[in-house]
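This briefing treats the contacts between chains before turning to individual elements. Please read it with the sequence and the model side by side.

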Amino acid sequence: MTTFMKRLAIVVALIGVAVVPALVPASAASKLSLWRLKTYIPPADKILDANAQECAKKVGVELAIQTYTFDDMWTKYTAAIESKTLPDIAELDAVGPARLANLGRLTDLSDVVAAVTKELGPILPNAEGAVKFGGKFYAVPHYAIPLVLFYRKDILAKVGAEPPDTWEDIQKVSEQVKKAGIQDFPNGFPWNRTGDGYDPAMSLLWSYGAAWVDKSGKFVGIPKAQGLEALKMATRAYLVDKTSAFDYLSWSGSTNNESFMAGKITFTPNGPSILYQEESTQHPLQKDTAIKLMPKGPAGRNLALTFVMNWAVPVDSKSTKEAKAVVSCLMSREPFMKYMTGSFRQAVPFFATPLNDPYWNTPTGKIIVETVKQGHPVGWPGPTTPAAAEVVSSNVLTDMITRVIVDKASPETALDEANKRMKEIYDRVPVK
Amino acid sequence: MLRQATLARCLVLALIMAIVFVPMYWIVVTSFKTGRQILLSQSVYVPRPFTIDNYVYLFEESRFALWIRNSAITATASTLLSLAIGTLGAYALTRLRFPGRRTFGGLVLITYLVPPGLMFIPLYQTFIRLGYTDSLGTLILAYPTFLVPFVTWLLMGFFRSIPRELEEAALVDGATRVQALVRVVLPLAAPGLLAAGLFCFTLSWNEFLYALIFIADDSLKTLPVGLSEFVVSDFAFWGQLMAAATLASLPVIVVYIYLHKYMVQGLTAGAVKG
Amino acid sequence: MLTDRHRERLLGYALVAPVAIFLVALVAYPFLSAIYLSLTEKVVGYPARFVGFRNYESLFDSARFRIVARNSAIFTGASIVVKLLVGMAMALALHKVVRGNQFIRGILLLPWVIPTVVIALTWKWLLDLFRGLVNVTLIDVGAVTRGVHWLGDPTLAMVSVVMANVWRGFPFFGVSFLAALQTVPQELYDAADVDGAGGWQKFWRITLPSIKGVVAVVTLLSTIVTLNDFNIVFIMTRGGPGAATHIFATYSYELGIMSQRWGLAMAASMASLPLVALLIVGVVRYLHREEE
């Protein structure tokens with residue numbers, strides 16, 4: 001036993017020598033901190049980091065960059081908000097600026113937006129709803145990843161169908177594919193707890209004239225007739241045609257990508273990431289994959305833009321002047337164009353000049369750009385408010401749909417419940 | 001009679017091994033496939049061609065070695081700290097008589113009434129007030145908050161099953177209480193200590209939330225936080241993830257086997273003799 | 001002059017002092033803060049506003065919360081029972097086997113050591129409708145003609161997450177029980193053999209009573225950990241399909257982090273507190289009774 005104890009003591013001592021340096025807290029006194037999203041395009045991330053460090057050098061500060069994943073973003077931000085440890089420069093999602101601006105935690109960035117406008121042209125009007133509050137800009141839109149409709153050209157050719165333009169078309173073609181025995185569950189629209197679920201859910205409702213607010217952002221409730229129509233369309237593939245499998249309701253953000261690329265589904269809503277993945281793996285389905293604008297309904301084509309990243313400067317910052325300067329620099333022409341053109345057509349800008357750049361002049365590029373140009377922010381037809389943010393992030397819309405599909409509730413009941421939930425949110429959360 | 005029992009035992013073991021084996025096999029096999037093979041579900045059972053690109057990526061592109069080092073430091077230190085505190089507490093609560101020990105024993109478990117998923121913010125604020133965040137030491141202090149109650153109670157269970165007579169014999173021979181603890185009780189409770197230590201280590205090794213929030217510095221990331229970066233919203237880097245999982249698991253197993261041989265068998269044998 | 005009794009008392013306090021200091025310093029504030037916040041209307045970033053039991057009332061009125069509570073009970077109950085049985089079987093089987101004992105012990109430890117994220121993702125893939133190994137094998141073997149909806153059917157989804165949880169957690173039971181078995185004196189078994197006792201009798205009359213303490217504690221602690229388990233369900237189904245696998249952990253995540261309603265999230269998590277408290281009191285009393 002004594003030899004063992006001796007050995008143990010040696011090991012503990014060695015550990016101690018290794019551990020002690022790590023126990024000293026990192027001194028962050030002179031550095032600015034930047035939090036950014038970790039994307040699925042490592043090369044683009046590298047360009048962004050290089051840009052940020054160069055900009056920091058130009059401004060004369062040291063920059064510490066930290067990354068977060070999409071799933072953990074709000075966990076980190078929640079802890080930071082409560083503990084007053086927000087970073088100096090924060091990359092926020094579509095609802096972040098609304099939430100933080102309402103708390104009074106964001107610096108006015110109107111001058112930065114003005115400077116960026118000089119470099120990159122005017123900002124898209126539909127981008128303002130998510131970042132402009134009370135006439136002032138509280139964030140600078142960085143890029144959007146729009147949702148488009150992915151479909152299999154070859155399968156559509158096999159059943160003699162045209163690329164679908166309406167929600168109705170998608171259901172019909174899916175039925176044809178299933179009847180022809182090509183796939184069991186070709187309709188890959190997942191009403192799950194991810195962007196692949198709530199983004200199309202909003203587009204669907206809006207394209208049926210079933211928005212839940214008016215132009216000022218005030219709550220009016222989903223109108224009954226239109227809401228029921230939209231619900232019927234959402235649940236048809238699962239309950240009636242059986243062209244969607246219940247498993248899709250449990251999908252994560254990457255499962256629909258993988259299922260599409262495994263050749264198991266014909267349709268799915270997704271960001272352009274599938275194009276990137278197929279290209280980078282020389283996927284055999286590359287030639288058969290095509291995209292289209294998300295479908296329209298009786299009230300038109302009203303696309304949602306839920307995946308948007310914005311730069312903000314929290315007031316917690318010790319040096320807002322330097323932070324704003326770094327953001328300005330990052331969004332100036334040269335660094336931004338370098339980032340955009342290195343993003344494999346995944347990062348779509350919100351400013352006119354890069355948006356109309358020939359870089360997007362490919363068949364798929366045009367569709368992607370068109371989606372951003374047409375897309376509406378969360379909370380349409382009103383601005384993005386913290387209440388609208390909560391409606392989306394608490395999954396009210398997809399829950400409404402799954403209540404009918406999984407719990408077999410009546411559409412009327414589900415609609416009533418959803419309206420009640422939303423009313424409770426709007427009553428409670430201040431609409432600035 | 002004996003043969004039946006042995007047969008039953010072998011069957012049970014074989015069944016459990018098979019159930020453990022299948023997902024493990026898939027994990028290891030996937031780690032040797034390229035992204036393309038995984039996406040296309042090619043060569044499902046045996047990767048052809050074999051590639052070690054994922055492992056290379058772990059060490060060249062990602063900071064995997066750093067994550068392992070950070071997790072190893074944090075887990076080992078937390079384990080040792082928790083074992084030390086818990087052993088002393090467990091011994092006192094089972095062997096010594098003092099007023100309030102019953103209530104105290106129960107109170108120790110109160111910490112489990114609130115899930116860590118909600119405690120993380122006030123705990124984070126505590127560390128901010130102490131001016132001690134963004135360091136592995138923060139985690140080493142934070143992890144015992146959920147490890148110590150467990151270690152205490154588990155060891156209480158083991159200590160109880162050791163007959164008092166053995167200690168009393170040592171006391172009669174002139175040993176102090178603490179000497180009796182170290183020379184008599186601990187060796188006999190060695191299997192329990194090892195189990196408790198293993199529990200502490202794996203819980204710390206796998207802990208995600210505190211490591212995500214308390215540490216901002218990229219060079220101090222622990223393994224679970226690093227691994228979570230392989231799952232980006234639209235994409236999962238399966239190959240690298242599985243390679244990381246394989247590499248992260250093996251050392252722990254090896255250490256456990258080694259410790260079991262020397263610590264449990266060695267200590268127990270020593271105790272019986274002397 | 002310190003009597004033996006005094007000395008014992010002082011030593012007792014001295015040895016539990018580290019535990020006490022540590023827990024009071026680091027756990028007391030978060031614990032009390034959590035309880036307080038559950039009684040407030042607190043949105044992230046805004047000051048808290050005391051509202052008494054209003055959060056609890058609205059939760060108990062909510063049909064969704066009742067579903068979440070039911071799911072949590074099923075998930076935890078089923079997982080614990082299966083883990084107990086499998087862990088006991090593993091411990092009994094490994095207790096006597098001599099050849100390759102160490103190696104097998106190590107292998108069976110793997111599910112516990114592999115990072116949970118990987119386990120959840122692996123099981124999610126294995127049970128995938130189209131490409132999962134389970135369905136592919138079942139179809140190949142001819143057991144089914146179409147893929148089974150492991151993560152689509154509400155009941156099967158619960159079964160799937162329980163399976164993954166059991167796979168991950170049984171080694172803990174196994175290792176602890178194995179360690180406990182090693183403390184049972186061989187003489188008891190030898191005496192029973194002399195009396196002509198059979199295998200089952202030996203188990204019920206000797207083994208089980210001897211390791212009762214460890215079984216109780218391990219079961220209690222695993223119950224608490226399983227009740228708060230987040231990763232497995234979140235990664236495999238996110239609580240879906242619909243709310244079929246929504247449990248306390250995923251529900252309070254949705255409330256607290258996604259909807260930023262911190263007070264309500266605390267209340268939702270605290271809802272399992274009475275049950276846990278009962279369990280703790282029960283086990284503590286039981287063990288103290290055994291001690292007498």
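**Chain interfaces and selected local features**

Between chain C and chain B, five residue pairs are in polar contact, both residues being at pLDDT 80 or more, where a polar contact is a pair of N or O atoms within 3.5 Å, one of which, within protein, must be able to donate a hydrogen and the other to accept it, with residues adjacent in sequence counted only if both atoms are side-chain atoms. The model is predicted, so that local features need pLDDT of at least 70 and side-chain atom pairs count only at pLDDT 80 or more, whereas totals for chains, interfaces and linings use all residues. Residues are numbered from 1 along each chain as its sequence is written, chains are lettered from A and ligands numbered from 1 in the order in which they are written, and side-chain values use heavy atoms, with hydrogens and water left out.

**Chain C against chain B**

- One salt bridge is found across this interface of chain C and chain B, a salt bridge being a side-chain nitrogen of Lys or Arg within 4 Å of a carboxyl oxygen of Asp or Glu.
- B:R97 forms a salt bridge with C:E8, with the closest N and O atoms 3.6 Å apart.
- Helix α1 (residues 4-37) of chain C provides the largest share of the side of chain C that touches chain B, namely 19 residues; helices are DSSP runs of H or I with at least four residues, numbered from the N terminus.
- Chain C and chain B bury about 8,200 Å² between them, 80% of it on carbon and sulfur atoms, buried area being the accessible area (1.4 Å probe) that two parts lose on being put together, summed over both.

**Chain C against chain A**

- Chain C and chain A bury about 3,200 Å² between them, with 52% of it on carbon and sulfur atoms.
- C:F130, C:R131 and C:R238 supply 21% of the area that chain C buries against chain A, more than any other three residues.
- Seven salt bridges are counted between chain C and chain A, including the one that C:R146 forms with A:D184, whose closest N and O atoms are 3.3 Å apart.

**Local features in chains A and B**

- A:G217, in the loop between α9 (195-207) and α10 (224-239) of chain A, is buried with a relative accessible area of 3%, where buried means under 20% relative accessible area (1.4 Å probe, protein chains only).
- The buried residues of α10(B) are B:A180, B:L181, B:V184, B:V185, B:L186 and B:P187.

Note on methods: Helix = DSSP H or I, 4+ residues; strand = E, 2+ residues; numbered from the N terminus. Buried < 20%, exposed > 50% of the residue type's maximum accessible area, 1.4 Å probe, protein only.
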